[in-house]
Amino acid sequence: MPINDDIDCNNSSNVHFQDVLTQALKDPSRRNMLRGGMGLAAMFALPMLPGCGGLTTPTLSELPSSSLLGFNAVTKSILDQVLVPAGYSVKVLHATGDRLTSNVTQFSGQGLETDDWNERIGDHHDGMDIFYIDANGRYSTKATARAVLAVNHESSADSHFLHPKGQTSGGVNGKKFSQFGDWDTKARPGLEVLKEINLHGISVAEISLDASGKPTGYITDSALNRRITPQTVVDVQGPAAHLSSIRSMFVTRFDTSGATARGTLNNCGHGLTPWGTYLGCEENWAAYWNMPAGAALPEAKIIASRKRYGVSSVALSSTATTGSGQGWYTPTDMDDTDFRFSRWNVAAVGASAAADFRQEPQTFGYILEVDPLNPTARPAKRTALGRFAHEAAVCGIPVVGKPLAFYMGCDSRNEYIYKFVSAANWDAADIGGGMAAGNKYLNEGKLYVAKFSSTGAGEWVELNISNPLITSYAGAAGFTFTNQAEIYVHTRLAADAVGATKMDRPEWGAVNPANGEIYFALTNNSAANRTPATADGANPRSYNDADGKKGSGNPNGHIIRFKEQDNSSTALGFKWDIYVFGAEEDMPANVNLSKLTANNSFSSPDGLWFSKSTGICWIQTDDGAFTDETNCMLLASVPGSVGDGGEFYVDNELTAGTSTSKGVTKTFIGGVLGESRLRRFLVAPKGAEVTGLTETADGKTLFVNIQHPGENTPAWGTSAALTVESTWPGNGGGMSAAYGPLGRPRSATLVITKNDGGKIGL
Ligand code: FEO
Ligand code: CA
Ligand code: CA
Ligand code: CA
């Protein structure tokens with residue numbers, strides 16, 4: 001479970017479309033207007049008109065069956081092993097703590113490492129991509145004999161495994177960071193903190209390929225191996241007309257010009273640019289800071305923005321910021337070289353922003369571009385793509401001579417979906433162009449946020465200071481927009497101002513290479529945030545989990561997809577439907593809307609990724625709602641297209657405490673997938689989520705990231721023995737051989753191949 005992503009910091013009063021819809025549903029003539037009057041329902045097949053209050057069971061359109069998927073579904077599992085279909089093999093490519101250079105010791109599995117994590121594979125493997133290398137050492141879109149794998153390392157939520165006896169300070173020995181409450185009075189050991197800092201970031205490792213192009217391992221000591229950590233110096237880039245103002249908001253004691261910042265944090269999903277660079281997305285960066293009790297507060301505007309982003313600042317608890325940070329500012333037993341500890345204290349301890357780190361949280365929350373084939377190229381924060389809890393950044397199908405579009409989710413409850421459209425038109429000659437190409441496409445452009453209408457239409461609203469809704473915005477006490485630069489740094493507030501649609505936690509996006517349609521996983525939402533009264537067309541379910549009682553609201557999540565008008569990257573309108581709803585197979589029909597069975601039931605879709613080789617849409621889960629019956633999983637699906645289902649009315653009922661609320665929500669559902677088009681391919685070890693995916697160019701090897709096995713391991717202290725929930729991959733579960741020492745669990749990249757040498761999933 002990623003840290004801090006279930007916090008709702010969105011207190012904006014943006015209209016829920018349910019308000020409009022409820023009125024419409026009470027009025028049959030208006031209901032007909034909604035169905036036909038917007039000119040959009042006609043694009044969908046066979047709209048239905050159920051009676052309100054007396055709903056009959058609607059008929060969902062069935063898609064023609066597909067024979068594409070060529071494996072037998074794996075069963076649900078709560079075993080501590082990887083399960084894949086018969087005929088497939090699994091091994092580990094690399095795992096938490098593996099050596100990138102032989103300068104450092106073999107990983108101990110006992111927390112015995114020193115401050116050497118900048119030479120090891122990081123922890124919490126997440127988004128990833130493969131980069132083939134041409135004869136000139138540049139990116140190749142086709143298979144070659146050499147490649148690197150870039151991997152995000154999201155979180156330190158399990159860093160207790162990486163110290164000999166858990167985290168030893170804070171007086172709550174062994175508990176996870178969010179449970180510490182008194183770091184403002186106790187110093188943490190410097191070595192623990194440095195390990196925790198440097199296990200974050202991005203790793204780049206050269207992989208070895210055999211003559212057939214099949215990966216055989218990774219190459220220790222390759223000159224291309226690289227770590228980017230929270231301590232790596234990066235450039236601050238953005239639109240030229242606003243760059244000096246943007247950089248003024250990056251000014252800290254480390255760089256009083258704001259032209260550079262340090263590092264990256266909580267890299268979750270990723271992006272791949274058409275020119276062959278890697279986008280590491282900064283998601284739950286807000287959870288890493290502290291304010292000592294009694295410290296001087298920064299300016300009201302900074303505080304207002306911190307509240308909207310949920311920046312952890314203990315001393316501000318009375319003003320509603322949240323969390324307790326990680327105590328990384330506290331060590332006194334090691335030098336504060338380059339402010340490596342003090343930068344995590346965001347109090348206004350100096351005379352100005354140039355004399356302290358009050359603005360340090362404003363240096364995170366961006367898309368970080370990295371050239372994985374040039375170890376000396378400095379990464380860049382691409383501020384034009386906005387600042388929020390960036391989950392992933394996926395590029396639409398590039399068209400020569402047209403702008404590029406990048407689609408991005410902000411993963412917290414009730415946050416938004418965004419689009420960046422480049423000012424520059426795509427030129428395929430830029431493939432292999434590295435950071436210079438990034439400067440061309442990712443600095444200048446327009447930033448939009450999505451509004452989803454219950455008519456099945458949607459619109460992109462540009463976040464521009466010329467919009468009076470932004471300049472007149474007064475939704476956050478102490479905050480007003482005065483220039484465009486502030487929109488890039490305080491993006492969530494600008495999106496509030498224009499009335500963006502609150503979504504059920506946007507996780508990864510993915511683009512169907514066959515038709516350019518864009519998919520987004522909406523992983524789940526809570527009962528407090530998604531009730532029958534606040535459900536809307538794009539987030540239409542509100543219900544209780546009656547079986548196992550693992551949540552309510554929208555506990556199982558769904559996947560929305562949309563088609564840009566004229567398939568254009570610059571479109572200002574789109575139409576949408578819901579590809580699939582997560583559910584347990586034994587949930588009632590008004591919850592299990594996609595008619596899932598025991599072979600394809602799932603909950604909390606998080607990762608999404610299309611194979612360019614097979615066209616399969618892969619769905620990864622990070623779940624806490626179905627885990628009484630199964631660990632997290634990976635499913636293969638065969639997509640149809642937007643509009644292949646139809647208009648549908650969801651019959652909602654939610655009981656919270658002693659009150660029960662009901663409602664009917666109109667939405668649009670894609671055609672029923674069925675077991676022939678949606679099938680469970682892999683189940684993860686205990687406590688793990690399934691995250692990043694990529695493949696070799698021939699589609700015959702799938703790389704799959706397994707993050708945080710053993711996540712539910714209880715805290716242990718000096719007097720308690722460590723009892724781990726999982727010992728994978730040291731136990732070898734589901735693989736032909738164990739990987740690494742048996743004992744503590746480790747995140748890892750899997751290499752999955754088909755025993756007959758064929759393409760994965762077919
Ligand atoms: Fe890092 Fe939203 O998952
Ligand atoms: Ca359940
Ligand atoms: Ca069940
Ligand atoms: Ca995620």
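Modeller: Happy to! A pocket here is an open set of grid points where a 1.4 Å probe fits, with protein on both sides within 12 Å along at least five of seven lines, and its lining residues have an atom within 4 Å of a point. Please keep in mind that this is a predicted model.

With that in hand, the largest pocket has a lining of 35 residues. Nearest its centre are Asp-129, Tyr-139, Leu-272, Phe-610 and Lys-612. The space inside comes to about 910 Å³. Several elements each give two or more residues to this lining: β2 (125-133), β3 (139-140), β10 (267-272), β14 (390-395), β21 (506-511), β28 (605-610) and β34 (689-695). Sorted by class, the lining residues are 22 nonpolar, 10 polar and three charged.

Let's turn to strand β30, residues 633-637. Five of its five residues are buried, so the strand is largely enclosed by the rest of the structure. Met-633, Leu-635 and Ser-637 point one way, while Leu-634 and Ala-636 point the other way, and all are buried. β30 has strand partners too. With β29 (residues 617-621) it pairs in the antiparallel sense over four bridges, and Ser-637 of β30 is the bridge partner of Cys-617. With β33 (residues 678-683) it also runs antiparallel, joined by five bridges; here Met-633 stands opposite Val-683.

The buried ones are Gly-190, Glu-192, Val-193, Leu-194, Lys-195, Glu-196, Ile-197 and Asn-198.

Finally, here is a single residue to look at. Asn-525 is found in strand β23, residues 525-526. Its relative accessible area is 3%, and since buried means under 20%, Asn-525 counts as buried. Its side chain makes a polar contact of 3.2 Å with the side chain of Asn-414. Setting aside neighbours within four places in sequence, Asn-525 is in contact with Arg-413, Asn-414, Met-503, Asp-504, Arg-530, Ser-552, Gly-553, Asn-554 and Pro-555.

Terms used. Residues are numbered from 1 along each chain as its sequence is written. Chains are lettered from A and ligands numbered from 1 in the order in which they are written. This is a predicted model: local features need pLDDT of at least 70, side-chain atom pairs count only at pLDDT 80 or more; totals for chains, interfaces and linings use all residues. Side-chain values use heavy atoms; hydrogens and water are left out. On a 1 Å grid over the protein atoms alone, a cavity is a set of points where a 1.4 Å probe fits but cannot get out, and a pocket is an open set with protein on both sides within 12 Å along at least five of seven lines; lining residues have an atom within 4 Å of a point. Grid points are joined across faces, edges and corners, and a volume is the space filled by probe spheres set on the points. Ala, Val, Leu, Ile, Met, Phe, Trp, Tyr, Cys and Pro count as nonpolar, Asp, Glu, Lys and Arg as charged, and the others, Gly among them, as polar. Buried means under 20% relative accessible area, exposed over 50%, partly exposed in between (1.4 Å probe, protein chains only). Two strands pair if DSSP finds at least two bridges between them. A polar contact is a pair of N or O atoms within 3.5 Å; within protein, one must be able to donate a hydrogen and the other to accept it, and residues adjacent in sequence count only if both atoms are side-chain atoms. Contact means heavy atoms within 4.5 Å.
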